[in-house]
Amino acid sequence: VAPHQHMARRSSIRMMSDEAPSPVPEAPATPSLNGWTYDKNAFCGGLPGSISPLGKFDPAGFATDKSLSEIKRLREAEIMHCRVAMLAFIGYFVGEAVAPLLGNSFLAPTAIVGPANSHLGQQNIFAFTGLTIAIGVGELYRALVGWVPPTESAFTIRENYYPGDIGFDPLGMKPKDAAEFKAIQERELSNGRLAMFAVAGLCGQELASGKGILENLLG
């Protein structure tokens, strides 16, 4: 009996060794960021932003056959321009409303007049320098957070960086749910795209008429 048991044990060990190992699940090719995973076959890599009524609008083919880094770089440029345009739209109205109050106090010693297009050129050297430094610090921070150092790879977005998500959320408004994040991202893009057209219109109107926006509105 013992030899028979010994042979059976050896046979079972041989069968176990001959079995194929269990497949190890492969990690996703690209990391999922805020619920988004790059899909080379999807429009714009599957990023949020294909919004009605235009949907997949890319007549010039800017987003066609682009790598992950290229798609993220294009979206980074778009979302940054959207945010700047939204601030600029408000700035046109606030700047022209506040301008008449300037020049009468040591807090704002420089008088600024006329359309908003000309306001930057009327700043004194200290205000202009401060603005330049603030913009430079902001852009440097964004570059450090989202971009690979140019000594390693030029014009390359970090793999774990979602375009526009620099971590600035003091009010904690960023959703944790992927569907909610997509909805908020698309609202931001919709407002930002509209703002880019609006600011271009404001700038063009002031250049054409020589008058400020509020002056045109109020007669």
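## Basis of the model

The structure is a predicted model, in which local features need pLDDT of at least 70 and side-chain atom pairs count only at pLDDT 80 or more, while totals for chains, interfaces and linings use all residues. Residues are numbered from 1 along each chain as its sequence is written, and side-chain values use heavy atoms, with hydrogens and water left out.

## Overall fold

The chain contains 5 helices and 0 strands. Helices (H or I, at least four residues) and strands (E, at least two) are DSSP runs, numbered from the N terminus. In order from the N terminus, the elements read α-α-α-α-α.

Of the chain's 219 residues, 23% count as buried. Buried means under 20% relative accessible area, exposed means over 50%, and partly exposed lies in between, with a 1.4 Å probe and protein chains only. Contact means heavy atoms within 4.5 Å. Among contacts between residues at least 6 apart in sequence, 61% join residues at least 24 apart.

## Nonpolar cores

A nonpolar core is a set of buried Ala, Val, Leu, Ile, Met, Phe, Trp, Tyr and Cys residues joined through side-chain atoms within 4.5 Å. The largest such core has 10 residues: Leu33, Trp36, Tyr38, Cys44, Leu47, Ala63, Leu68, Ile71, Tyr162 and Phe181. With neighbours within four places in sequence left aside, Leu47 is in contact with Trp36, Ile71, Arg75 and Tyr162. A second, separate core has 7 residues, including Ala85, Ala195, Leu202 and Ile213.

## Pockets

On a 1 Å grid over the protein atoms alone, a pocket is an open set of points where a 1.4 Å probe fits, with protein on both sides within 12 Å along at least five of seven lines; lining residues have an atom within 4 Å of a point. Grid points are joined across faces, edges and corners, and a volume is the space filled by probe spheres set on the points.

The largest pocket has a volume of about 1800 Å³. Its lining comprises 47 residues, and those closest to its centre are Met80, Arg83, Val84, Met86 and Leu87. Helix H2 (68-98), helix H3 (125-146) and helix H4 (178-209) are the elements that give two or more residues to this lining. H2 gives the most, with 13 residues. By class, the lining has 29 nonpolar, 10 polar and 8 charged residues. Here Ala, Val, Leu, Ile, Met, Phe, Trp, Tyr, Cys and Pro count as nonpolar, Asp, Glu, Lys and Arg as charged, and the others, Gly among them, as polar.

The second largest pocket holds about 810 Å³ of space. It is lined by 25 residues, with Gly49, Phe57, Asp58, Glu78 and Arg193 nearest its centre. H2 and H4 each supply at least two residues of the lining of this second largest pocket, which divides into 15 nonpolar, 6 polar and 4 charged residues.

## The loop between H1 and H2

Several backbone features belong to this loop. Pro53 lies in the loop between helix H1 (2-18) and H2, and the peptide bond from Ser52 to Pro53 is cis, with omega near 5 degrees. Cys44 is found in the loop between H1 and H2, and its phi is near 55 degrees, a positive value in a residue other than glycine. Asp65 is also in the loop between H1 and H2, and phi of Asp65 is near 55 degrees, likewise positive in a residue other than glycine.

Cys44 is buried, at 16% relative accessible area, whereas Asp65 is exposed, at 76%.

## Other residues

The structure holds 0 disulfides (pairs of cysteine sulfur atoms within 2.5 Å). Cys203 is partly exposed, with a relative accessibility of 27%.

Arg142 has its place in helix H3. Arg142 is buried, because its relative accessible area is 14%. Apart from neighbours within four places in sequence, Arg142 is in contact with Glu76, Met80, Trp147, Tyr161 and Ile166. Gly167 sits in the loop between H3 and H4 and is exposed, with a relative accessible area of 60%. Gly167 and Val145 are 22 residues apart in sequence and 8.6 Å apart in space, C-alpha to C-alpha.
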